[in-house]
Structures are given as C-alpha cells and as structure tokens.
Amino acid sequence: MQSYAGKVRAPEFPIGLDWLNVPEPLNMAQLRGKAVLLDFWTYGCINCIHVIPDLKRLEAEFPDELVVIGVHSAKFTNEGETENIRHILKRYGVDHPVVNDRNFILWQLYGVRAWPTFMLIDPQGKVLGYYSGEGVYDAMQPAIAGMIAEFDAKGMIDRTPLRLTPERERRAPSPLAFPGKVLADAHSGRLFIADSNHHRLIVADLETYAVQQVIGSGAAALRDGSFAEAAFNWPHGMSLNAEDETLYVADTGNHAIRAVNLRQGTVTTVAGTGVQNRDWRNRLRGGAAREMPLNSPWDVHYQDGVVYIAMAGPHQLWKLDLAAEQVMPFVGSGREGILDGALLESELAQPSGIIGTGDVLYFADSESSAIRKVDLRAGRVQTIVGTGLFDFGDVDGIGDAVRLQHALGLTLGPNGELYVADTYNHKIKLIDPNRRESRTFLGEGAGFRDGANPQFWEPGGISYANGKLYVADTNNSAIRVVDLATKLVSTIAFPNPERLAMAAAAEAAEDVPPEDFFGTIVRLEPMTVASGDSQIVLNITLPEGYKQNDQAPFTLHFYNNTPIARVAPADNDLRLITPPMPVRMPVKLSQGEALITLDATVIYCEAVNETLCFPAFLRFEVPLRVAAEGAPEILINHRLTPPKLD
C-alpha cells in the first residue's frame, strides 16, 4: 500500500522574513498536524497567476487539513518589496499565508529551480515531493487526499483552523479597484477604463470625466447580455472600432475576447470558451473563434477588420479575423524568450500591451522587459529595446544599453513616438522607435503625487488623446492625466461618483462571488418574489442510498452584492452538520431586479460503505425580480447525481 509520509525533514522558516495574511510569522511546529503545500512564486509570472484558482480549489476541498503557504521568491527587484506583494495579494485575492523570500533563502534550502514550484510536506513536517508548472490541482490533489487519510487514521491530523489576517480586508473601498488598462478616444470624446478588480468597464466623458456608462454587473463571470446583465472577469486591454461603435475587450480572467456594442448596449463573446487553453499543442493551431480556448489575453488592438491580441499565457500574439470568425497564433513560436525573426519563429515573453499604426504593431514584452515591433508587410519581429529574460533595470540610453522593468503598457504619441508604462519602475518612459532611444519622461519612484514631480505605483496601461496621456495607475486605483505641454500630472475625480457606488459597496462588504469557482454552476429560471421579509429555501436531494457525511459540515453562503436582496451577516454564512432539508435563510427583499448568488458545499457518502464519499460544490444563480406581489419565498430545488466511477 502506498504511503504518503515524507522522509526528509522540511527546513525551518528563517527568522526575520516578512509574513503577510497572518498575525505573526509561522514555524514548522505550528504546522504539525497539517498537510502543508509550499508555493514558490513571483507575482508577475503568468504561470504563477494561472495556478491561483487551483490553490483555492485545494483549500476549499481541504479547509481544515491543508495549509497553503506562498513563498514569494521575486524575479524582479520591484517584486521583492513587501508592500508591493501586499497589494498583489489584494489584487489577486490571495488569503493564505505568504512569506517574502526576497533573498531566495527558502528557494535554495528546497533546491527550487523554476516558478511556480510546489513542495508537499506531511503533518509530521517531512517533505513528500514536489511539482513544477501549472495544473497543480490534478498533480497534487490525490497525494494530499491520500496523505490526510493516512495520517487521519493515526489520529495525527489537527483540524484547528489557522488564524489568518487577510490583507484584502485592510483595503478601503474606492470607485476603482486596480484598473489595468485605459483607452482615450479623441474622436468620440470618451474615456474607457478597465476597472479590473470590479470586473467591469467604465465609460466617461474625456473632458469632464462624468461617468456615462457602467458596463458589467460586477460579478466575476462570463455572461453576455445587456450592459447591466453582462459579466466580465478581470478585464484589461480595450480597442475601439469607431466605425461601428464596437469596443473589443481582453477579458483576461475569462480567457476570452468580448465585443461591446456601444450603440445597442450589449456585450457578446467573440473568441474563447471561458476555459484556459492549457494544451500546448495549440500554440501554433487556430480555429473557430467561439470554439477555440484562449490563454490570458492581456491587451487588444483593432485594425482593418482584425483584432490583434497580446496573449500573455502562451507568449504569443494572436489575431482574430472578425469576418471569418477565426482566431489563430500570429507571432511567436510559444517558446518563452526574446528572439527576433520571422513571425512564428520568433520568441516572445508574456506580451501584455499592444498598439499599432499602418503596417507596424508595437508590443510590450513584459517578462523580457522589452519593447518590440512587428513589421506586418515584411512579416518579421524586431526588438527596439530589451535584451533578455533576466536583463532589467532602470537605465535610459540607446539600443541594448536601455533597461526597463516589466513594462505592461504602451501608446503612440502624436509624432510616432512611444510612451511606455514602465510598470515596475513606476515611471512613464518616452521611446523613439527609430533611434531605439529611451528616456525617463515622468515618475519618481513608487507612490502617489500629482504636479510637476509625480509619483505612480505600478502603472499598467497608458493611452494618448488631444495632447494628454491617460495612465491606469494600477496600485493607486486611479486614472492619472499627463499634460504633455506642461508635464503636469493630475488625478481624475469623477463628478458623479454615485454611478460607481454599487461596486464600492460590494467591495466594502467583501462579498462579490469569487472569480475562480470550480464547482457546478446551477442557473435557475427567473422568478418573481414579493418584497419584504422573506426566506431562501434550499432543498438538496441526495441520490438514493446516500447520506450526508456527519464529519464534514454542510455550508451555504449568500453573496450580499445587491441591494435588492440582503441577508444579515449573522445569517449569510451557514456551517451545519447533517442539517435536515430544506435549509432556510432569512432575506430582506426590495423591489427591483438582480442576479443573486449562493454557494453550497455538501459532502455525501454511501449509506452502507461510508468510506466512499463525494464532495459537491454548487453555485446557484437566480435571476430575481422583486415586486409588490409574487411568490412568498425563494425556492431552490436541486437533486445530486453521484459521479461515475471507472
């Protein structure tokens, strides 16, 4: 019989390192009785971002037995700063303990060689094994389950919850939440903002900054429909087809390209399936746009019927032919690197910004800290500045002497010059693409300051219009405006901030449905319910011959993200052992329409052979209309079907 006990004692955490999401530094003794999964990561790495949903899935499946600890071993100098990591935990929604291994002490003690790498430690503090790369859930879940079962049989599992102090709880609500990109359109006089962590887009007047439209419900999901109904997941880059008033959006967390019809007020998906493309055989393969999975599109550029996509995940540029409804790789072999040459023979490194004019596309290759261009006529890639995956810094100059640090955005100025959001240097750089010359334009280190000596904090997007630059100052959750004539910087203040209040209220409640739900989504038919004091009645029917597990709690959480339906904080997070069905939750209903969301977990086992158990993770989405007259309660019925075993 296979044993999941480790053999080599895990090294102790060094004294003096900064810890986040916990009230005090952890040590191995505190973790006795827990399965421990160390995640060696660095926050700009796209593969490290991709594994976060897998880690949350493992934490949800083993909430009291598993402790995930992020060991942040920074690639870039800027990533090693604890305050920057603190903001990333808020931005990425990471709540588990994180230790800042900026000097690579733990990295060396564990013999790690790549990001991300995972070390599995048993409840006695011994290392069982490791895994590197994406797909950590499939790789580690069987071992974690086996380890817990083995040590539980010996009475060696400690289910006492680890005390956490999540950094995200310390973030004050704000009209914007980590905006990733911005687009200024001089022709229509509009400013488009990707309000990334509110999972929505904002359209404002380019002169007055008055909010004109809010696009997206604020729920992190993939849903087409009207502006109010539609849902995005961590949207970033945008590009406008002014002729037919269509805004194309890189919906990064949904691995999709969305089309916003500004005339009709609708959002549709034009490429991607909502699932990340992890099949590396597809790196040089295209197909029908709506059937082809994509991989973290970060920015887009529309030109002549084609949407060019900075596809960060596979280190490529792709193109979406709108007329043919086909999407395909366009630039890059899929191998991470910095190699010029023919389009599909070149090597890119996490392209995250793209802009174009005529026969030339320019793109920011973030992991090589490079600015590069594509000659569409010659079919070749050429590097303007940047020399290697680990060649970064903050050096002005010409050609190979230039150093940037993880630049994410760029825009064209009025005379063909490039303005670059040099993200990890917290600066705006001015680059002459012909002379390959780069110099600092604005920025004096991380911070927030307007005026003649401004400070930015990890700006991720930039756009030009009418003599001004508009900067998505991501960590400051603000849009900054640079007057090119005076070089003075100001910060946008919306004159009608009430248009943005719902997202701020939802953020304050910290109760937006998480973007990385991995279970079964049950979408119910629309229902009309009477306003006033009511109840949510959830009735889950188990398969014949099964019963609820009397050791694992049934959980039910209602997301208070709409004023139409509100559940008191004391009632909206239930944890019950074998509750009789149906389960009831009191709710206050106000007239209006909304989509309400509830998450439930039930563990059920064969009534005779109790060792065969199945977890069911369920998300119920209910399109709700609350009126003066209607049904007396919100009734949800669901019957479980056990999975088929091979």
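1. Tyr 546 and Phe 614 are both buried. In this predicted model, their ring centres lie 6.2 Å apart with the planes at 45°, so the pair counts as tilted. Tyr 546 belongs to strand S39 (residues 546-548) and Phe 614 to strand S45 (residues 613-627), so the pair ties together parts that are 68 residues apart in sequence.

2. How many aromatic pairs does the structure hold? There are 17. One of them joins Trp 115 and Phe 390, and this pair is stacked, with 6.4 Å from centre to centre and 25° between the planes. The two residues come from distant parts of the chain, 275 residues apart. Trp 115 sits in the loop between helix H4 (105-109) and strand S6 (117-121), while Phe 390 sits in the loop between strand S26 (380-385) and strand S27 (397-398).

3. Is Phe 390 buried or exposed? Its relative accessible area is 55%, and the cut-off for exposed is over 50%, so Phe 390 is exposed. Trp 115 has a relative accessibility of 22% and counts as partly exposed. Trp 115 and Phe 390 also belong to a cluster linked by ring pairs, along with Phe 40, Phe 104, Trp 107 and Tyr 110.

4. Helix H3 (residues 82-92) is mostly covered, with 10 of its 11 residues buried. The buried residues include Thr 82, Asn 84, Ile 85, Arg 86 and His 87, and also Ile 88, Leu 89, Lys 90, Arg 91 and Tyr 92. What covers the buried residues of H3? The cover includes strands S2 (19-20), S3 (35-41), S4 (66-72) and S5 (98-100), together with helices H1 (46-50) and H2 (52-61). Just after H3 comes Gly 93, which takes a positive phi of about 70°.

5. Rolling a probe the size of a water molecule over the atoms shows where empty space is left. In this model the count is three cavities of 30 Å³ or more. The largest cavity holds about 230 Å³ of space. It is lined by 22 residues, and those closest to its centre are Arg 91, Tyr 92, His 236, Trp 298 and Leu 408.

6. Why does the largest cavity lie between domain 1 (8-169) and domain 2 (179-500)? Both domains give residues to its lining, so the cavity lies between them.

7. The second largest cavity has a volume of about 80 Å³. Its lining includes Asn 277, Arg 278, Asp 279, Trp 280, Asn 282 and Arg 283. Leu 294, Asn 295, Pro 314, Gln 316 and Trp 318 line the second largest cavity as well. Sorted by class, the lining of this cavity has four nonpolar, four polar and three charged residues.

8. The second largest pocket contains about 530 Å³ of space. Of the 28 residues that line this pocket, Leu 183, Ala 184, Ile 355, Ser 463 and Tyr 464 lie nearest its centre. Which strands each supply at least two residues of the lining? They are S8 (181-185), S13 (235-241), S18 (297-303), S23 (351-357), S28 (409-412) and S32 (459-465). The lining of the second largest pocket has 16 nonpolar, nine polar and three charged residues.

How values were computed. Residues numbered from 1 in each chain as written. Predicted model: local features only at pLDDT ≥ 70, side-chain atom pairs only at ≥ 80, totals over all residues. Heavy atoms only, no water. Buried < 20%, exposed > 50% of the residue type's maximum accessible area, 1.4 Å probe, protein only. Helix = DSSP H or I, 4+ residues; strand = E, 2+ residues; numbered from the N terminus. Contact = heavy atoms within 4.5 Å. 1 Å grid on protein atoms, 1.4 Å probe; cavity = no way out; pocket = protein on both sides within 12 Å on 5 of 7 lines; lining within 4 Å. Points joined across faces, edges and corners; volume = space filled by probe spheres on them. Domains from an automatic or database assignment. Nonpolar A, V, L, I, M, F, W, Y, C, P; charged D, E, K, R; others polar. Phe/Tyr/Trp six-rings, centres within 6.5 Å; stacked < 30°, edge-to-face > 60°.
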